[in-house]
Amino acid sequence: MSVWGTESWEGEEEEMLEKFRIDRNHITKDTVITVLSGAGISAESGIPTFRGSGGLWGDESLARIATPYGFAEDPERGWRFYDDRRKNMASAKPNPAHLILAELEEMGYDIVIITQNVDRLHQRAGSKKVIELHGTVWEFRCMNSRCELKPFENYEVPLSAIPPICEKCGNYLRPNVVFFEEPLELVDIQAADSRTKKTDLFLVVGTSGIVYPAAAYAQIAKFNGAYVVEFNIEKTPLSPFCDLSVLGPCGEMLPSFIREAICAGEK
Ligand code: BV8
């Protein structure tokens with residue numbers, strides 16, 4: 001069994017390992033590690049991605065739901081879409097890619113995850129240091145921006161009332177996610193930005209690198225001296241900013257890469 005978990009890379013694998021060693025990139029307890037994760041890290045947990053074959057946004061009308069105007073024009077349709085996704089996410093389990101990152105944190109390594117995902121599988125795997133750039137489907141907030149109701153957690157699957165109503169003002173509730181063309185929370189942007197700029201090893205896992213400002217963090221990491229490694233089943237627009245692109249299912253590739261990097265760090 002080759003280190004990378006696949007038999008098909010004999011020559012390349014040695015070369016990649018060599019490059020990794022030459023770059024002296026290994027993981028020790030002093031290494032500042034940051035992960036940018038996208039829908040691809042949850043793909044092997046059975047959660048559909050957004051782009052590529054079978055992607056959620058392949059259906060234009062669904063992509064429209066994830067916009068403020070698309071959701072507001074038909075909250076009932078919007079909530080059926082989100083209720084279906086919550087059902088799928090509730091039955092999904094963290095896969096080895098989520099678990100190895102949680103294990104690193106548990107073992108005392110300095111790791112923070114910046115995720116675009118709204119499924120909370122990182123947290124279910126045990127990761128605590130997670131910046132949810134795009135919010136989460138497991139929180140609701142009132143659609144009335146002047147309402148005093150604070151965002152709150154809701155794990156009811158399936159929802160008993162669609163669309164759910166705000167008990168404070170009677171308006172519709174919405175998922176506490178960042179829709180397209182909505183600004184991200186400033187506190188999240190600031191946290192992600194300052195973390196990225198002090199990162200030694202930046203792992204880009206399962207993202208198409210299309211959505212901004214999230215995709216920019218890989219470039220910011222590179223420009224600030226981090227060693228950037230991409231894990232994907234194909235090259236992306238971020239590949240040119242990466243020192244390594246590890247191609248293959250991240251549920252397999254990420255654990256073997258991290259275990260190899262920890263061993264290199266202990267030599
Ligand atoms: C913003 C939450 C500014 C909802 C999501 C007009 C006005 C304003 C902004 C814009 C505009 N036009 C464009 C923009 C910018 C826009 C943007 O980037 N659009 C893109 C489409 C071009 N960005 C925004 O709108 C952001 N806001 O810019 O606001 C602003 C400032 C002030 C005032 C007003 C506005 C908000 C972006 C957040 C949108 N919300 N989700 C929900 O999920 O329901 S985005 C959505 O895409 C998901 O969160 C998802 O995570 C994210 C990124 O996608 P990926 O995670 O990368 O998923 P994808 O399917 O694309 O790729 C999966 C990858 O995994 C693939 O590469 C695949 O190969 C790989 N893979 C698959 N299987 C595996 C694997 N890899 C490894 N192993 C496997 N097994």
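What follows is a walk through this structure, from its ligand site to its salt bridges. The model is predicted, so local features need pLDDT of at least 70 and side-chain atom pairs count only at pLDDT 80 or more, while totals for chains, interfaces and linings use all residues. Residues are numbered from 1 along each chain as its sequence is written, and side-chain values use heavy atoms, with hydrogens and water left out.

Let's start with the ligand.

A ligand oxygen sits 2.6 Å from an N or O atom in the Tyr82 side chain. There is also a ligand oxygen 2.9 Å from an N or O atom in the side chain of His134, and one 2.8 Å from a polar backbone atom of Ala39. The protein covers 76% of the 1500 Å² of accessible area that the ligand has on its own, with areas from the Shrake-Rupley method and a 1.4 Å probe.

Next, have a look at Ser45, in the loop between strand S1 (32-37) and helix H2 (60-65). Helices (H or I, at least four residues) and strands (E, at least two) are DSSP runs, numbered from the N terminus. Ser45 counts as buried because its relative accessibility is 14%; the cut-offs are under 20% for buried, over 50% for exposed and partly exposed in between, using a 1.4 Å probe and protein chains only. Its side chain reaches the backbone oxygen of Lys93 at 2.7 Å. Beyond neighbours within four places in sequence, Ser45 is in contact with Ala92, Lys93, Pro94, Asn95, His98 and Leu121, contact meaning heavy atoms within 4.5 Å.

His98 takes us to helix H5 (residues 96-106), where the buried residues include His98, Ile100 and Leu104. At the start of H5, a side-chain oxygen of Asn95 comes within 2.8 Å of the backbone nitrogen of Ala97. After H5 comes Gly108, with a positive phi near 95°.

Finally, the salt bridges. With a side-chain nitrogen of Lys or Arg within 4 Å of a carboxyl oxygen of Asp or Glu as the rule, the count comes to 13. Arg80 and Glu76 form one of them, at 3.1 Å from N to O. These two are 4 residues apart in helix H4 (residues 75-91), so about one helical turn separates them. Arg80 is partly exposed at 43% relative accessibility, and Glu76 is partly exposed at 37%.

Glu132 and Arg120 make another salt bridge, with their closest N and O atoms 2.8 Å apart. Glu132 is in strand S3 (residues 130-132) and Arg120 is in the loop between strand S2 (110-115) and helix H6 (121-125), so the pair ties together parts 12 residues apart in sequence. Both Glu132 and Arg120 are buried. They also belong to a salt-bridge network with Glu139 and Glu153.

How values were computed
A polar contact is a pair of N or O atoms within 3.5 Å; within protein, one must be able to donate a hydrogen and the other to accept it, and residues adjacent in sequence count only if both atoms are side-chain atoms.
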